[in-house]
Amino acid sequence: MLNTKYIDQDNLFELIIFQGYKNLVFYWNFAKGMVNTKSEIQDLLKQNRIQNIYGVSEGLKGFSQAFSSEPITNFRYFLTSYFKFTIYEMCSGVKIILLSNISDQTDYSETLKEVYTNYLEIIKRNPFYVHGEPLDNPLFIEKITDIFEPFQKKK
């Protein structure tokens, strides 16, 4: 049964980017703002909730593969009675996770692919970027803001 308590909330809750095993490099709570300093990221990683989000992404992939008659190459999303969990994962270990409102019927797969494209263009091709450091590049943050602005409810 759909939990109507969350229907009137914003469409987007959180955007999370991991590089490799539990390496959180970007976090945006759409209601509270971005977290992009190293100390803020480290504080988030201490929270069980962030660790659980990573674990859920791994567990769902394994669960889907175990119960599928064909190999699953890319698990896209699942719904709960509270939120929609959309994931875009690359073989390089980058996971982009978006938590959104269950009332939002948008398929964010292409949107997360666009986030990844910007990640490649702005972050990975930057010779000064150190792998595993927070994604605090102003151009990257501007692009991500532009990508998600149309999906946010206007107040």
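Ile16 has its bridge partner in strand S6, and that partner is Ile97. The model here is a predicted one, and this pair is a handy place to start looking at it. The two strands involved, S1 and S6 (residues 94-101), run antiparallel and are paired over 7 bridges.

S1 has another neighbour as well. Strand S2 (residues 24-29) is joined to S1 by 5 bridges, again in the antiparallel sense. Here Phe18 is the residue to look for, as it sits opposite Leu24 of S2. Between S1 and S2 the chain makes a hairpin with 4 residues between the strands, and Gly20 takes a positive phi there, near 75°.

How buried is S1 (residues 12-19)? Of its 8 residues, 8 are buried, that is, each has under 20% relative accessible area, so the strand is largely enclosed by the rest of the structure.

Turning to the helices, a packed pair is described by the angle between the two axes and the distance between them. For H3 (residues 109-124) and H4 (residues 138-148), the angle is about 165° and the axes lie 10 Å apart. Angles over 145 degrees count as roughly antiparallel, so H3 is roughly antiparallel to H4. The crossing of H3 past H4 is right-handed.

On the H3 side, the contact is made by Thr111, Leu112, Glu114, Val115, Asn118, Tyr119, Ile122 and Ile123. H4 brings in Leu139, Phe140, Lys143, Ile144, Ile147 and Phe148. Sorted by class, the contact between H3 and H4 holds 10 nonpolar, 2 polar and 2 charged residues.

Technical notes: Residues numbered from 1 in each chain as written. Predicted model: local features only at pLDDT ≥ 70, side-chain atom pairs only at ≥ 80, totals over all residues. Heavy atoms only, no water. Buried < 20%, exposed > 50% of the residue type's maximum accessible area, 1.4 Å probe, protein only. Pairing = 2+ DSSP bridges. Axes fitted to C-alpha atoms, helices over the stretch in contact; angles between N-to-C directions. Parallel < 35°, antiparallel > 145°, perpendicular 65-115°, else oblique. Left-handed = near helix turned anticlockwise from the far one by under 90°. Contact = heavy atoms within 4.5 Å. Nonpolar A, V, L, I, M, F, W, Y, C, P; charged D, E, K, R; others polar.
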